[in-house]
Amino acid sequence: MKNMLWLIRNTLRSTFRKKSSWIIYFALPLAGVILSMLIYGNTNGADLRVGIVNQDGDRPVTADAIRFVEELGHVKVTMTDEASLNKEIAAGNLDSGIVFGAGYEAAVREGRQPDIRIVSAKGAQVTAYAKAMLDGYVGNVAAIGQAAKGDAAKFDAVYAEYKKNGFKMDSDSLKDTSNVKSMTYQSIGFLLMFMMFSASNMTELILKEKENRTFLRLLASPVSARTYVLSNVLFTAFILLLQIVFTLVVMRYVLKIDSGVPFAVLLASLFLFSLAAIGLSLLLVAFSKNSRSAGALQTLVVTPTCLLSGCTFPPEIMPDTIQKIASFLPQSWLLDTVTELQSGRTFGSLYLNLAILVGFAAAFSLIAVYRFSRNNDVRQFI
Amino acid sequence: MNVLEIRNLTKKFDDFIAVDNMNLSVREGEIFGFLGANGAGKSTTINMVSSLLRTTKGEIELLGRNIAKHPKFAKSNIGIVPQDLAIYEEMTAYENVSFFAGLYGLRGSELKERTIEALDFVGLGDKHKSLPKNFSGGMKRRLNIACAIAHRPKLIIMDEPTVGIDPQSRNYILNSVRKLNRMGCTIIYTSHYMEEVEELCTRIAIVDHGKIIAEGSKEQLKSIITDTKEIWIAVKSEGAVDLESLKRLQGVTAVRLEDQTIKINSKAEINNLNWIIQQLIKDQVEIRSVEEQAPNLETVFLTLTGRNLRD
Ligand SMILES: Nc1ncnc2c1ncn2[C@@H]1O[C@H](COP(=O)(O)OP(=O)(O)OP(=O)(O)O)[C@@H](O)[C@H]1O
Ligand SMILES: [Mg+2]
């Protein structure tokens, strides 16, 4: 234990002395976050294809609501019925659907919450934008109904005024959460990639240590190989934790991106992911002869898997089969966790995702340890 | 008491036997020379003694305790100077020594004192703030030694500590070895330089193909080869010397020419000095002196292993 702290202290000291460490571990992830802000900060990519089902018949207020959705930016509306709506969504022809239930107009006139259902295929973030806009609109109309207190004439008068103003809403009542969410998603994606690169970078120190033969000296001292590897893992975990905290703090307090997920929860999820990243790095190191080949292997593994799992681009643009492959990657599970958290699920209810991340970490490390322990050779070490 | 006791030690790399049933003991206070040609198995033996390699068979005892059963004890009492430099280039000399000494549990002011002591010992006291990447080869070698001695081990193992360095650093290192020895350290010294070993070591083992083929003091080793003699003939001009014709003379086993001196190895029982001189006179070589050398370690090594120490 004493030796482990000594080893960690020494590694920390020589790491932070190098300028390149600061760049790799802190500046690059930050650059990734800023990059994703520039990419996703303004536009929301392709149009959202929305199918609308009107079960409220031919009522003017309902028709206005449908027109409101049609006039939203980046939304393409198709009128349909409930049965074909589900079919179209399943077939991928529509991204989401809005069902105006019977009695919509009657409800808003009385100031009650009307029956609107939103169906979506691709997770909440895609439809969040349309939903947020519609919620704002419906809320306003219902507020008019509430103010009218069942007085139909009064409702019509105020409603006409509201309609004349083009259904303008005070911008405060509505946040365009969709953009922020995809921005968060992509920022976290970049962070994951840099975490993986950082982890392998630090784990490769084991190989570097072997190459400059200080590893022999370490093993000739009362330090066991196990202690040494463990201290490297702890060191790496510590740096990754710093990296996560730093990036999240800058995102939240400097760039003012509200991820929609509590800070501590996001931090905890990312830390679980960092364990998987360390496991993977150990695995790569265990199968590499020297730090150069480990570096090559790292690039070969990290870059494409990050691409596949949607760290660098939204996964929606990938073909379905690739999205399926992606579910074998820890990155996908973390990103999925973030999406679920953003749509309001709690940390505790996501135990499957979290267990899978821990599972990845355990599986990778076990294979690495098995591989390490079979090496009975100083030149191969451990 | 024996500091180190090696019994029936064997190391196999797959089918290749690098160390073959070796038996060896090193007594307290010795500077023990470990001689062997390239690939003889010196480093492999040393790596097993310092717990870096698992043994295939056999036992190693340090200060009376089996090192496999007491690894911590063994490791704390050994200081190893590896054949290849094992230092951090991007850490200062001081940090290097202090880091490694810290692994042996030293902390605080004690650590500081021992670190400075070790650096002073190898003559790097005034360079303690410099980075090894700015050091000469000899200075790096000296730092490599300092890293092995700060924890004051009982047994120091030096695996070719003087390869490829300037004479000044080399003298410094040889003197430090003597000084360490006087301070009570037992030392195992491996080298390709026969003169170093001859000058430094109190006892010597010759290793070949993973086996100890001879062991003892210099005198004991030299007395093994009573059947060989070496004749040195200083000549005026080297040009006319015909080494081939000398080699053909009866009893002569090897002839070489160094510094205007013909060095001839020959079987002891054949008195061929007259023939050798006759041949030189016939070739019109001017002879300045003739002397028969007492056998040296080089000859011993050559005779026992059939190879030169340095190929
Ligand atoms: N890890 C290994 N795997 C396979 N063979 C090895 C290994 N380590 C050493 N050897 C072989 O064992 C033999 C002895 O090597 P060793 O390094 O002990 O020799 P040495 O006496 O130290 O030589 P040198 O003077 O060159 O340092 C050599 O033939 C070497 O190739
Ligand atoms: Mg060697």
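1. Chain A has 16 helices and four strands. Helices (H or I, at least four residues) and strands (E, at least two) are DSSP runs, numbered from the N terminus. The model is predicted: local features need pLDDT of at least 70, side-chain atom pairs count only at pLDDT 80 or more, and totals for chains, interfaces and linings use all residues. Residues are numbered from 1 along each chain as its sequence is written, chains are lettered from A and ligands numbered from 1 in the order in which they are written, and side-chain values use heavy atoms, with hydrogens and water left out.

2. Start with the burial of chain A. Of its 382 residues, 49% count as buried. Buried means under 20% relative accessible area, exposed over 50%, and partly exposed in between (1.4 Å probe, protein chains only). Chain A exposes about 17800 Å², and carbon and sulfur atoms supply 63% of that area. Accessible areas come from the Shrake-Rupley method with a 1.4 Å probe; for residues, only the protein chains shown count as cover.

3. Next, the domains of chain A. The assignment gives domain 1 (2–41 + 178–380) and domain 2 (48–165). These bounds come from an automatic or database domain assignment. Taken over C-alpha atoms, the centres of domain 1 and domain 2 of chain A are 43 Å apart. Contacts in chain A can be sorted by sequence separation: among those between residues at least 6 apart, 76% join residues at least 24 apart. Contact means heavy atoms within 4.5 Å.

4. Helix 12 of chain A (residues 263–286) has 24 residues, and its end C-alpha atoms are 34 Å apart. The expected span is 1.5 Å times one less than the number of residues. Helix 12 of chain A is mostly covered, with 18 of its 24 residues buried.

5. A:Thr247 sits in helix 11 (residues 225–254) of chain A. A:Thr247 counts as buried because its relative accessibility is 1%. What does A:Thr247 contact, leaving aside its neighbours within four places in sequence? The partners are A:Pro29, A:Val33 and A:Leu191.

6. A nonpolar surface patch of about 370 Å² is made by A:Ile34, A:Leu35, A:Leu38 and A:Ile39. Patches are made of residues with over 30% relative accessible area and no salt bridge; like charges are joined within 9 Å, nonpolar side chains (Val, Leu, Ile, Met, Phe, Trp, Tyr) within 5 Å. A:Ile34 belongs to helix 2 (residues 19–40) of chain A. Its relative accessibility is 38%, so A:Ile34 counts as partly exposed.

7. Now the charged pairs. Over all chains, the whole structure holds 26 salt bridges. A salt bridge is a side-chain nitrogen of Lys or Arg within 4 Å of a carboxyl oxygen of Asp or Glu. One of them joins A:Arg117 and A:Glu82 (3.1 Å, N to O). A:Arg117 lies in strand 4 (residues 116–120) of chain A and A:Glu82 in helix 4 (residues 82–91) of chain A, so the pair ties together parts that are 35 residues apart in sequence. A:Arg117 is partly exposed at 36% relative accessibility. A:Glu82 is partly exposed at 27%.

8. The side chains of A:Arg109 and A:Glu105 also form a salt bridge (3.1 Å, N to O). Both residues lie in helix 5 (residues 104–109) of chain A, four residues apart, about one turn of the helix. An α-helix has 3.6 residues a turn, so residues three or four places apart point the same way. A:Arg109 is partly exposed at 22% relative accessible area, while A:Glu105 is buried at 8%.

9. In chain B, the side chains of B:Glu230 and B:Arg256 meet in a salt bridge (3.4 Å, N to O). This pair links distant parts of the chain: B:Glu230 in strand 11 (residues 228–235) and B:Arg256 in strand 12 (residues 252–258) of chain B, 26 residues apart. B:Glu230 is buried at 4% relative accessibility. B:Arg256 is partly exposed at 29%. A network of salt bridges links B:Arg27, B:Glu30, B:Arg203 and B:Glu215.

10. Last, two backbone angles in chain B. Phi of B:His209 is near 50°, a positive value in a residue other than glycine. B:His209 is in the loop between strand 9 (203–208) and strand 10 (211–216) of chain B. Is B:His209 buried or exposed? B:His209 is exposed, at 56% relative accessible area. Phi of B:Gln284 is near 60°, again positive in a residue other than glycine. B:Gln284 lies in the loop between helix 10 (273–282) and strand 14 (287–293) of chain B. B:Gln284 counts as exposed at 72% relative accessibility.
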